[in-house]
Each structure stands twice: as structure tokens, then as C-alpha cells.
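Thank you all for coming. I would like to walk through one structure this morning, and I will ask you to keep it in view while I talk.

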Amino acid sequence: MDWRALAAVAAVVVVAGLAAPGGAVPNAQLTVSGVTTAPAQPAVGEPVTITPTVASSVGSDEPVEITTVTATVDGEEIDTKRNLGTLSPGDSLGVPFTTTFDEPGTYTVTFRFTGTDDAGEEVSVTREETIVVSAVPAVRLTVDDVNVQPATPTAGAPVTVPITVGNSAGSTQPLAVDTVELLDGNQTLMSTGGVGSVSAGESITVPLTTTFARPGEKQLTARLTGTNANDEPVTVTRPVQIVVEAGAPALEINNRSAIQETASTISMTVSNPTQSTLRNIVTTVSVDGAETVINRRVVPTLAAGAQSDITFTIRPDVAGEALLRTNVSYTTAAGTAATTQRSTVLSVSPLETDVSVRVETQRADQNQQTQNLGVGVDGILNANSGQQEESDQRGAVSVVVSNLGNAPVSNVVLDPRAGNRSLGPRPVTDVLAPGEEESVTVSLARTPPSEVVFETFYNAGANRSSATATFDPAGSRGAVSVTGVDLETSGQEVEITGDIGNPGASPVSGVVVAVAGSEEVSPVYPNRDFFVGEVDENAFAPFELTAEVTENATEIPLQVTYFVDGDRRTEQLTLPLEDPVKPEVDNTPSPVLVAGVVGMLLLLLSVIVLFVRRP
């Protein structure tokens, strides 16, 4: 037989082996995943609960109905449980058995699980477990429930954990308690020793007090260590769960921005989240790269749930980001001193200084003038004083200082100057916040008609700066202009009509407009001049003039006189004469011409007579 035949025979044998009933993989499988014993170290006569856990293997593809579970101890059945339900693949089921042992020793406990799959075939699994049973201890300790005081402890405040340890009535010996400890993992939070002895059937309570720096859930352990009458160590533990709430004052930073080289305010809110009053809350701040002008605030007491606003002042040196460190120390209701820290990043903006100065004209209310007849000397003096005040107001201006920058300016002072003469410095305001403005009234009634410089000095950051505005008093006073002129010529006489306007900021009075004489122009009746009187600001009044002109006249000169703020002014102007005056034509023949014509006619008549008389 060659190798090809051998290979074919081997393949047939393998297939046949796989098809044999003994080699098939069952569709349902059971396993026992574990066995637990409570208590873990049982004693003679003490009830012991043994719980095996059966599972349907993940490799199963069919559910299993658990029909019976039998438990035997050293071959002797102790109990059988029936019809426990169906396990799907991956499911598990714990079945507890409780028994007692009469004698100490080592025992073998066997569990057998029996069930059926979907095809009705039996599926089973067996598990053995070894249990060691000890004799009844001379000392049996118990730890009662631990009630934390206060029931809602807070971080930083004292917490008392009273641990009550009892020596069971089943004990035959007293217990000398050596130490009682409160553990957080392997760390001992609090311990006490030399507690004393606990007789059988008695108990003792040991209070342990500690503090927790941080809030949260604490999984602790209470542990008691003692010695029985045979000098054998005895230890008992009990888990203790504590939920610690925030006990430190809560600190909220309301703003995290400042301005370079400027005293910037940082505001915070301190609140008490605990159920007790906090005392002596001291908050301090420090900032990298900044001067802390005001860096400490104290809140004497803060009731439960209350809050308090506090502010600090810093002056950063440079723009950018700066680290703000906050330290809060306080005293809890139990008198314990504690401290908490917090850090945050401040945004420091570059200093932007922009101060604007502008000048606005003012005008006193003319309706305030009143006449008071029959008054005494005091009345006359008061009237004169009022007239003087009105005169001053009529020449007054309002200087407005505005802060257009991003930081406040301080110690703002206005120093007006007319030429080389100072009108006297005067304060504007101590502090001018960004976006705000302040005004100062300055009288220019007695100021010479020259340009006035209003220079404003102020502190911005660490520097003393200034801003200026110039003002021309003459430009703000009343003035006159001639508008709407119309010229009508009749022979050599011209009638002039128009308006006198006042484009200035104060009224003018005593306005007289007249024709100014020249070689070609003369004022004539009926309107050589015209009295206009008073013209308010932004108002006008009509006038009418008459003049006589020659044929060579091309313009008519006018003269306007008026008073403004007590000053007399004279304005000269000319009106173009677009249509020149033409002389009147005399159609009467001159005597010489008449005599010549008569002479020629007489001569002609003489010639005709001579010709007629000749023979």
C-alpha cells in the first residue's frame, strides 16, 4: 500500500473517531465557580452557612434546568434542594446550606448539582470543599453599630466615632482590651490604649475623635485588639463608613481680570456651606508680579449658609497672565483652626490711557433779568451783584474731561491759561472711571480776546500725564454778517435791503448799519443809516438803506457797528454794484447848432433870391 492509501485510511479513522458518541462535546455544561463560608472560621455549635455557586458555562449553547442540589458532609447528606430554576449560558446561582458541627476538626463538604438540558439529557457537576471547625473560643467579641457624631461631619471639623465592643455571653473568660483603633486602609487615624477589661456579657464604648481634611466618602475600619485569660491575642474588626461634607468656607472669585500698573479690584464671596457657625475667617491673597495694595480681609463670624463679599486691591507690573494665590484660615464651631488654599489665573490687560478735553460754550438765561423798583441799598447791591454774575456767566465755558481709556485716572486738575497768564488751577475730580466724564465751568468774561489753553493733569498708573484743548473766545462770541442783500437802482439813487445775521454764540446789541461815504457813493435821505438794535445768537433782523451813486461807482461801502459782551465792534463791507449808473440823455438841440442851421438856411435863401432876380 502506498502513502496515498495510508493517508486515506487515516482520514477515515479520524472522522470515525470524531463521530463516536464518547467524543462529542455536550451542548450544556455546569461548573461550580466558588464556595463561601460564613463565618469564615466556624466554631463548634455555631451555625455555619455554606454557599456553593453553580454556573452554566459560557461554552454552553443550551440552558440547563437545575433539578436537585445535594450537600453531604463526609458522605452524610445534610440537605437536598430541588427545582431551583433554569440557568441560561453564562448565568450563575448561589445555593446556601446551613448546618452546625458538634466537634472541632476538618470536614469535607460535597455538593452535587443535577439538571437537564433541552434534549432531556442529564447534566451534572460535583464540587468538594474543606471546612475547619474550631472549638468554642473562651472570648467571643462583638462590635455594635457605629454612630458617627455629628451625623453629617464636615471637613476640618472634629468627628467622633464611638466604638462599642461587647464580650458575648457565650464567652467563658474576660477580655483585657489593649487598643482600639480607627484605620483608613493601613493608616491609623486615631487609637487609644489601656481601656480595661470586659467581662462576659458586658460591653464597653470607646470614642475615637479625628478630623478629615477633605470631603468625600470614607471607608474606614474599627479594630480592637485584646488578650484573653490565657494571654492569647484576640482581634475583632468592623467596617465604618463616613460621608464627610465640605467644612471649609467656600470661596468664589467674582472677577479674574486686572489692568497693568493700575490699582485693580479683585472681588470674592466667602460662604459657609456647613451646618455650624465659622469664626475668624481670614483671607489673604498674593499675586506673582504684582503689588498687593490690600491683601488681607477678616470676617469675624459667618453663620451656617451665610455669605460675605470681600475685595482686594492689586497693582500688576506687566500685562499677561498672573497667578493669584488665596489662603483662607478659619476656626470651626468646635474651636479647631484650619486652613485651605486656592489658586487661579488672572488676566492682566495692558494699560490704555485716553483722556479727552473739550470746551462747550454757555449762555446765561436772559429771562433772569428783573427790575425791582423801590428797593433799598441792599437790593441795589444785590442787583448789581446779580448783573455781575450774569455778565460772568455770559462769558463762561464748560470744560468737559472724559476718560476714554480702560483704567481709572485720579487727581484730575484743570489749569486754563490765556497766553502766558494762568487763570488758576482748579480740581475736576479725585477719580474718573473709564467711560465717565466730569465738567468744570470757567468764566472768560475778563479774559483778553486771545486763545485759551485748557490743560488737564491726571495720574494714570504710575505716571502723571496731561491732555489739552484750545479755545478761541472771539470765535465763541456774537458776530454779525450781512445776508439777503437786494439792490434796486432808480437813476442815481440805489435802495439797499437785506438782513443782519448773528452766527455767534452770544447776542449782539446796538447794531447800526449805515452807508459809508466815498467819492462815488453818498448816503441820502430817507435811510442814510438804519438802527437794527439787538440780534440774538443764530437770529437775524432786516435793514433798509438809500444811497446816491455816480456813473463811475462799482460798489457800495457799508459800515456795521455793534456791541458784544460790552465791547464795541465795527465791521466794514462792500456791496458790488453790478449795473453801472448811466447818465440821463438831453434831446434839446444846443444853441450853437440852432444858430448854425439858421445861418445856413438864410444863406440858402439869399442865393435863391439872387438867381430869381437875375434877368
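Predicted model: local features only at pLDDT ≥ 70, side-chain atom pairs only at ≥ 80, totals over all residues.

Residues are numbered from 1 along each chain as its sequence is written, and side-chain values use heavy atoms, with hydrogens and water left out.

Let me begin with the charged pairs. Side chains of opposite charge can pair when their charged atoms come close. The rule used here calls it a salt bridge when a side-chain nitrogen of Lys or Arg is within 4 Å of a carboxyl oxygen of Asp or Glu, and by that rule the count comes to 8 salt bridges.

One of them joins the side chains of Arg223 and Glu181, at 2.9 Å from N to O. Arg223 lies in strand β14 (residues 216–227) and Glu181 in strand β11 (residues 175–184), so this pair ties together parts that are 42 residues apart in sequence. When I say strand, I mean a DSSP run of E with at least two residues, and these runs are numbered from the N terminus. As for cover, buried means under 20% relative accessible area, exposed means over 50%, and partly exposed is what lies in between, with a 1.4 Å probe and protein chains only. Arg223 therefore counts as partly exposed at 30% relative accessibility, whereas Glu181, at 13%, counts as buried.

A second salt bridge is formed by Asp288 and Arg325, whose closest N and O atoms are 2.7 Å apart. This pair, too, links distant parts of the chain, since Asp288 sits in the loop between β19 (278–287) and β20 (290–294) and Arg325 in strand β23 (residues 320–331), 37 residues apart. Asp288 is partly exposed, with a relative accessible area of 40%, and Arg325 is partly exposed at 36%.

Glu455 is buried, with a relative accessible area of 14%, while Arg417 counts as partly exposed at 26%. There is also a network, in which Arg358, Glu360 and Glu437 are joined by salt bridges that share partners.

Now to the aromatic rings. Rings of Phe, Tyr and Trp (its six-membered ring) pair if their centres lie within 6.5 Å, and planes under 30 degrees apart count as stacked, over 60 as edge-to-face and the rest as tilted. By this rule there are 2 aromatic pairs. In one, the ring centres of Phe97 and Phe111 are 5.7 Å apart and the planes stand at 40°, so the pair is tilted. Phe97 belongs to strand β6 (residues 97–99) and Phe111 to strand β7 (residues 105–116), 14 residues apart, and both Phe97 and Phe111 are buried. Phe101 and Tyr107 also form a tilted pair, at 4.6 Å centre to centre and 40° between the planes. Phe101 is buried at 4% relative accessibility, and Tyr107 is buried at 16%.

Which residues form the negative surface patch? They are Asp486, Glu488, Glu493, Glu495, Glu544 and Glu548; a patch is made of residues with over 30% relative accessible area and no salt bridge, with like charges joined within 9 Å and nonpolar side chains (Val, Leu, Ile, Met, Phe, Trp, Tyr) within 5 Å. The elements giving two or more residues to the negative patch are β33 (481–490), β34 (493–502) and β38 (539–549). Glu488, which lies in strand β33, counts as partly exposed at 48% relative accessibility.

That leaves the backbone. Most residues other than glycine have a negative phi, and most peptide bonds are trans. Against that background, Asn83 has a positive phi of about 50° although it is not a glycine; Asn83 lies in strand β4 (residues 76–87) and is exposed, with a relative accessible area of 62%. Asn538 likewise has a positive phi, of about 60°, and is placed in the loop between β37 and β38. Finally, the peptide bond from Tyr525 to Pro526 is cis, with omega near 15°, and Pro526 is in the loop between β36 (521–523) and β37 (529–535).

Terms used
Areas by Shrake-Rupley, 256 points an atom, 1.4 Å probe, with all protein chains shown as cover. Lys, Arg positive; Asp, Glu negative; His and termini not counted. Charge placed at Lys NZ, Arg CZ, Asp CG, Glu CD. Helix = DSSP H or I, 4+ residues; strand = E, 2+ residues; numbered from the N terminus.
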